[in-house]
Amino acid sequence: MDGQLNILPEFSLIATTKTRDIPLSIAQPYVQQFAHLRLEDGKLNSDFAIALPAGQAFSAKGSLQIPDLKINDTIENKPLLGWQQLDIKEIDLDLAASKLELSELIFNQLFGRVIIYQDKSSNLSGLMVSNDNQQPATEEKTAGDKKDF
């Protein structure tokens, strides 16, 4: 991080940030509170100019890359989502204007496993952790009851 931080008379921050190879697995304790997912692999790379001028809202402009993402479904213990590389060349976040603009998302070797069962439910429907701490239904679907896409 390189920039200027003022604390007095008012807090303000103008800086550039650069991250490289931050493992996404550090977010696993938070992810598992909300979803039955395991972050097996993936890294975060970013370059941002951030601004929090005194008395104003936060803004950031930059780019983001997530290489080698692998997410598993912990209910079925199978791969759910992954890619070799995600590139977002331009990100523009302006909280004052309640605006987020992204350039195109460029994926290399994207993988997703979505199964729609004959009863119109899917393997995605039980991934969210319920508020009442109940375990999701683990009713087995037979191979004839599912369609892979």
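Start by selecting K70: this lysine is partly exposed, with a relative accessible area of 43%. On this tour, buried means under 20% relative accessible area, exposed means over 50%, and partly exposed is in between, using a 1.4 Å probe and protein chains only. The model is predicted, so local features need pLDDT of at least 70 and side-chain atom pairs count only at pLDDT 80 or more, while totals for chains, interfaces and linings use all residues. Residues are numbered from 1 along each chain as its sequence is written, and side-chain values use heavy atoms, with hydrogens and water left out.

**Stop 1: around K70**

D41 lies in strand 3 (residues 37-41) and K70 in strand 5 (residues 59-73), so the pair ties together parts that are 29 residues apart in sequence.

**Stop 2: strand 4**

Next, select D47 and R20. Their salt bridge has its closest N and O atoms 3.0 Å apart. D47 sits in strand 4 and R20 in strand 2, so this pair joins parts that are 27 residues apart in sequence. D47 is partly exposed at 24% relative accessible area, and R20 is partly exposed at 42%.

Stay in strand 4 (residues 43-52) and pick S46. Is S46 buried or exposed? With a relative accessible area of 6%, S46 is buried. Its side chain makes a polar contact of 2.8 Å with the side chain of T19. A polar contact here is a pair of N or O atoms within 3.5 Å; within protein, one must be able to donate a hydrogen and the other to accept it, and residues adjacent in sequence count only if both atoms are side-chain atoms. To see the surroundings of S46, show T17, K18, T19, R20, S63, L64 and Q65, which are in contact with S46 once neighbours within four places in sequence are left aside. Contact means heavy atoms within 4.5 Å.

**Stop 3: one more salt bridge**

Move to K99 and D92, whose side chains meet in a salt bridge (3.8 Å, N to O). K99 is partly exposed at 30% relative accessible area, whereas D92 counts as buried at 16%. A search of the whole structure finds 9 salt bridges.

**Stop 4: an aromatic pair and a nonpolar patch**

W83 and F107 are edge-to-face, at 5.1 Å centre to centre and 65° between the planes. The pair links distant parts of the chain, with W83 in strand 6 and F107 in strand 8, 24 residues apart. W83 is buried at 11% relative accessibility, and F107 is partly exposed at 33%.

Strand 7 (99-102) and strand 8 (105-108) are the elements that give two or more residues to the patch. L81, in strand 6 (residues 78-94), is partly exposed at 33% relative accessibility.

**Stop 5: backbone details**

Jump to L8 and P9, joined by a cis peptide bond with omega about 5°. P9 is in the loop between strand 1 (2-6) and strand 2 (12-23).

Then visit Q109, a residue other than glycine with a positive phi, near 55°. Q109 is in the loop between strand 8 and strand 9 (111-112) and counts as exposed at 61% relative accessibility.

**Last view: the whole chain**

Zoom out to see 1 helix and 11 strands; helices (H or I, at least four residues) and strands (E, at least two) are DSSP runs, numbered from the N terminus. Buried residues make up 30% of the 149 residues.

Note on methods
Rings of Phe, Tyr and Trp (its six-membered ring) pair if their centres lie within 6.5 Å; planes under 30 degrees apart count as stacked, over 60 as edge-to-face and the rest as tilted. A salt bridge is a side-chain nitrogen of Lys or Arg within 4 Å of a carboxyl oxygen of Asp or Glu.
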